[in-house]
Amino acid sequence: MLLLNFRPFPFLSTGRLNLRRMTEEDGEEIFFLRSDKKMLQYLDRDPAKSIDEALKWLQMINEGIDGDQYIAWGIELKNNPELVGIITFWNIKKEHYRAEIGYSLHTHYQGKGLMREAVARVLEYGFKVMKLHSVEANVNPANEASIRLLERSNFIREAYHKENYYYNGKFFDSAIYSLLTPFREP
């Protein structure tokens, strides 16, 4: 079974990005990422209604990190400490060495390869440090950009569920992508 310990918090970096713990100073950016209609287009959840609501979400996230239940990083450009995205391992199944990856990136920064950079670094951490065996992504099949990102990151589609998700009076499909660890023990 996985034994997780996120203390000290794992600061990660790539060529262009820092992946760090989010703080209350990120409240406005978190609120934007959790409330902008374009950002939520494929996430099928209600938008945050206030910065206070975004900060309550952050408090929940930080409590989960402190309790070794899941981990979430704020994404910033190395030359700008403003939060531009979030990436997380959540829905961790310790007994199966499996976690679900989730991510969001401010619309102004999409299409530049930034999330691919973040995903690669987080996957490396997940497989090498957390000792995950597999990572799953649950994506809205209409989210072509996310599917391209997953496929470029070597995920394969494992399942397609018809109308398995109900939100706001409608049923939606889900596509499940998965990646097995490339760092197998001999």
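**Helix packing and salt bridges in a predicted model**

The buried residues of helix α2 pack against α1, β3 and β4 (80-93); buried denotes under 20% relative accessible area, exposed over 50%, and partly exposed the range in between (1.4 Å probe, protein chains only). The structure is a predicted model, in which local features need pLDDT of at least 70 and side-chain atom pairs count only at pLDDT 80 or more, whereas totals for chains, interfaces and linings use all residues. Residues are numbered from 1 along each chain as its sequence is written, and side-chain values use heavy atoms, with hydrogens and water left out. Helices (H or I, at least four residues) and strands (E, at least two) are DSSP runs, numbered from the N terminus.

The buried set in α2 consists of Ala54, Trp57, Leu58, Ile61, Asn62, Gly64 and Ile65. Viewed down the axis of α2, these buried residues fall within an arc of 155°, so they line one face of the helix; the arc is that of the directions from the helix axis to the C-beta atoms. Asp52 and Lys56, on the other side of α2, are exposed. The 16 residues of α2 should span 22 Å at 1.5 Å a residue, and its end C-alpha atoms are 22 Å apart, which agrees. The expected span is 1.5 Å times one less than the number of residues in the helix. Just after α2, Asp68 adopts a positive phi of about 55°.

A similar description can be given for helix α4. In α4 (residues 144-152), the buried residues are Ser146, Ile147, Leu149 and Leu150. They cover an arc of only 160° around the axis, which puts them on the same side of α4. Glu144 and Arg152 are exposed and belong to the face turned away from the buried side. The buried residues of α4 pack against β5, α3 (114-128), β6 and β8 (170-180). Asn154, which follows α4, has a positive phi near 75°.

Charged side chains were examined next. A salt bridge is defined as a side-chain nitrogen of Lys or Arg within 4 Å of a carboxyl oxygen of Asp or Glu, and by this rule the count comes to 10 salt bridges. One of them joins the side chains of Arg7 and Asp68 (3.0 Å, N to O). Arg7 lies in the segment before β1 (12-13) and Asp68 in the loop between α2 (51-66) and β3 (71-77), so the pair ties together parts that are 61 residues apart in sequence. Arg7 is partly exposed at 47% relative accessibility, while Asp68 is buried at 9%.

The side chains of Asp66 and Arg21 also form a salt bridge (2.9 Å, N to O). Because Asp66 lies in helix α2 and Arg21 in the loop between β2 and α1, this pair ties together parts 45 residues apart in sequence. Asp66 is partly exposed at 42%, and Arg21 is partly exposed at 25%.

A further salt bridge links Arg98 and Glu136 (3.1 Å, N to O). Arg98 is in strand β5 (residues 98-105) and Glu136 in strand β6 (residues 134-139), so parts 38 residues apart in sequence are tied together. Arg98 is buried, with a relative accessible area of 18%, and Glu136 is buried with 19%.

Finally, Arg20, Asp26 and Glu76 are linked in a network of salt bridges. Asp26 is located in the loop between β2 (17-20) and α1 (27-33) and is buried, with a relative accessible area of 5%. Not counting residues up to four places away in sequence, Asp26 touches Arg20, Arg21 and Leu83, where contact requires heavy atoms within 4.5 Å.
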